[in-house]
Amino acid sequence: MTGFSVADLVRTHAAATPDAACLSFAGHTLPFAEMDRRASRSAQALRRLGAQPGDRVAILSHNTPVFFELLLACAKAGLVMVPVNWRLSPVEISAVLADAMPVVVLHEAGFADKLGTDPAWVLLDTESGYPRLRDAAKAEDPHADRRGDEPVVLMYTSGTTGRPKGVCISHTNLYYTTRMAAEVWGFSAGSTNLVAMPLFHIGGIGYGLMALSCGGHTVLLAQPAPELVMAAFARYPVTHAFFVPSVIQLLVESPSLDPAHFHHLERVVYGAAPIPEVLLQKAMAVFGCGFNHAYGMTETAGTVVTLHPGEHEPGTDRAYRLASCGRPVPWVEVSLRDPATQRVVAKGEVGEIWIRSPMVTRGYWNNPAETAAAITADGWLRSGDAAQQDADGYLYLRDRYKDLIISGGENIFPAEVENVLLQLPGIAEAAVIAAPHPKWGETVRACLVMRPGVSLDAAAITAYCRERLAHYKCPTLYSQLDALPRNASGKILRRELRAQMQQG
């Protein structure tokens, strides 16, 4: 799709169904025609601030409709949007901005203390700031799209593997979001999509384009808090939603839960981790809809592997597939390789997931060394994720290679141990990390969040694990925590967890 532009999405539907609901937030709804006008005005305002095609424009904010306005405006003006994770420290944010070099930064007033003084700062949440600049500009589409393989979003990785890197996401990369919506997840012009994940993450802004791309209605939440999610279900005929498993657990256990509000719901997409079978059964009963497991990365502009609703079969002889993230979507190739030799591993053996697709980024911003390390000359992205593939093509994640535990020469993949721990009813959350051992080099430490009223019984848990795992895989150390550290996409921050353990 060399001629595709993200801006074409709103242009098309604004022309065909100008009065149809495009985006709702905090009780206010924008039709497609108004979203198109706002994007054009925003594009013109950015040009007046000196932004030229190819320049970067950053945004530091909680979820707000301005994210969508800005993405579409950048597409129309040939600019690149840089969503910045507001959870980062001032030092980390400074490093991101120094790398991206935006000419304009739009930010909430509450984040001013996280910013320096170099680019043009524009306040989002004051009438004299961004709203005034946008509304004073003419509503004329500049049609300066760069299209195709040119970047439209520069999204920084979460940093769980080191210093954040800017992933260049192009118009072509995001084109496959529109195919995902219509061909895989069942979106249409009649869909209402609940978007609650942070928009500075690909699981937020990428997934957030699903309904918009089909002419459907997007309901945006400030955050995935159970009370906000339940209120949205009560107010809107939500057909689709994306949550990480930890949020699904909060929802099904919420005192404000009312299954009567879910009668429009067709699909729940979940990602960042496989869903425990017990939780899935409960969620399926509560939501009464199909579930998709989604596996993807920032570098793939979203989902590349999915487990379809019909493949979620708890209580059957195929329930083991619930531990899988599914099979590649039609426009994606997946290969499991030995990271040392780069050779394809046999079925059932653990290998690094390599991905090749038009969805894959062409590289990291101003970082040829990291680009060359991650992407081969023939277009394969080395994910860094370890997995197995069965005879039917289903992928089973075995965690990241850097999180591998080697005890007495034996490889232990944390996800395998965690899946066993999470089958115990008293354990709410589990994360497994390596701990130093004087004889074996490393041993397994289990960091657990227990359910209310349940005490950690290390001996009982060890006995349970030894019935299901080789003894060398079983935890020998336990730590009980109030919560596990996670990033915005719901992934466990093992590096932070290891630091906590080292500090005692």
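**Terms and their grounds**

Author: Strand β9 (residues 192–195) is covered on both faces, with Thr-192 and Leu-194 buried on one side and Asn-193 and Val-195 buried on the other. The model is predicted, so local features need pLDDT of at least 70, side-chain atom pairs count only at pLDDT 80 or more, and totals for chains, interfaces and linings use all residues. Residues are numbered from 1 along each chain as its sequence is written, and side-chain values use heavy atoms, leaving out hydrogens and water.

Reader: What makes a residue such as Leu-194 count as buried?

Author: Buried means under 20% relative accessible area, exposed over 50% and partly exposed in between, with a 1.4 Å probe and protein chains only. Leu-194 is buried, and it stands opposite Val-219 in β10.

Reader: How do you know that β9 and β10 pair?

Author: Pairing requires that DSSP find at least two bridges between two strands. Because 4 bridges join β9 to β10 (residues 217–220), they pair, and they run parallel.

Reader: Why is α1 called roughly perpendicular to α3?

Author: Helix α1 (residues 7–16) and helix α3 (residues 66–77) pack at about 100°, their axes 8 Å apart. Roughly perpendicular covers 65 to 115 degrees, so α1 is roughly perpendicular to α3.

Reader: Which residues meet there?

Author: Ala-7, Val-10 and Arg-11 in α1 meet Leu-72, Ala-75 and Lys-76 in α3, where contact means heavy atoms within 4.5 Å.

How values were computed
Axes are lines fitted to C-alpha atoms, for helices over the stretch in contact, and angles run from 0 to 180 degrees between N-to-C directions. Helices (H or I, at least four residues) and strands (E, at least two) are DSSP runs, numbered from the N terminus. Angles under 35 degrees count as roughly parallel, over 145 as roughly antiparallel, 65 to 115 as roughly perpendicular and the rest as oblique.
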